[in-house]
Amino acid sequence: LANRPPASSTPSGLARRLGYTAMAMGQALNQLEDAKLVHVHKEGRERLFELAGQPTDLWHQAQPLLASPVGRRHHLVGVTPSARKGLIAGLGALATYSTLAEPAVPAVALDRVTAKSLLNAPGVQELPAPAEADLEVEVWTYKPTVLSEGPAVDRLSLYLSLRDDTDERVQSALDEMMLGVTW
């Protein structure tokens, strides 16, 4: 839904675009078909799929099946400005898409390999609590750059990462952000 596939797509084509193996994409396609989110048909030897409805309807239908992309959060000090690579994430990203104020501690989204490198960088220390941190690092279960088109993580992944936040301001900002999604 974040990077709408062409009307009829192949698992291998989407796998190349998203950086996955064709086998992994085929398995994902089977799960999407079982959840009735895509229609699959064959043309010759090729499996083709297309969305099974309007994107907004599919988004709502898929909610119970979707998990946050954030595997773990780390609160760090000692990260140099040049080492703060990654997409804007968390409340900072939400602030770019809504009228929510910027958080005191910026957050970035990184894949596991990049996050591990940053966590092991000289002078970087992890804190047990966010209060004194200079940077929050969200370690994502997939590369956040795959779906993003800008300096912040994509809106749908951001929504999933923050949807369980109990702060009313955050929930209101999420609603505001989702109004800006172009389906």
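This is a predicted model: local features need pLDDT of at least 70, side-chain atom pairs count only at pLDDT 80 or more; totals for chains, interfaces and linings use all residues.

Biologist: Why is Leu 65 called exposed?

Modeller: Exposed means over 50% relative accessible area. Leu 65 has a relative accessible area of 58%, and therefore it is called exposed. Leu 65 is found in the loop between α3 and β3 (70-77).

Biologist: What does Leu 65 touch, not counting residues up to four places away in sequence?

Modeller: Leu 65 touches Ala 35 and Leu 37 when such residues are left aside. The C-alpha atoms of Leu 65 and Ala 35 are separated by 8.7 Å, although these residues are 30 apart along the chain.

Biologist: What makes a set of residues a nonpolar core?

Modeller: The residues must be buried and of the listed kinds, and be joined through side-chain atoms within 4.5 Å. The largest such core has 23 residues, and those with the most contacts inside it include Leu 94, Val 153 and Met 177. Elements that give it two or more residues are α4 (90-97), β5 (107-110), α6 (155-162) and α7 (168-179). Another core, of 10 residues, lies apart from it, with Val 79 and Leu 118 among them.

Biologist: Which kinds of residue form the lining of the largest pocket?

Modeller: That lining divides into 29 nonpolar, 6 polar and 2 charged residues. The pocket has a volume of about 1200 Å³. Among the lining residues closest to its centre are Leu 1, Leu 18 and Ala 28. The largest share of the lining, 7 residues, comes from α2.

Note on methods
Residues are numbered from 1 along each chain as its sequence is written. Side-chain values use heavy atoms; hydrogens and water are left out. Buried means under 20% relative accessible area, exposed over 50%, partly exposed in between (1.4 Å probe, protein chains only). Helices (H or I, at least four residues) and strands (E, at least two) are DSSP runs, numbered from the N terminus. On a 1 Å grid over the protein atoms alone, a cavity is a set of points where a 1.4 Å probe fits but cannot get out, and a pocket is an open set with protein on both sides within 12 Å along at least five of seven lines; lining residues have an atom within 4 Å of a point. Grid points are joined across faces, edges and corners, and a volume is the space filled by probe spheres set on the points. Ala, Val, Leu, Ile, Met, Phe, Trp, Tyr, Cys and Pro count as nonpolar, Asp, Glu, Lys and Arg as charged, and the others, Gly among them, as polar. Contact means heavy atoms within 4.5 Å.
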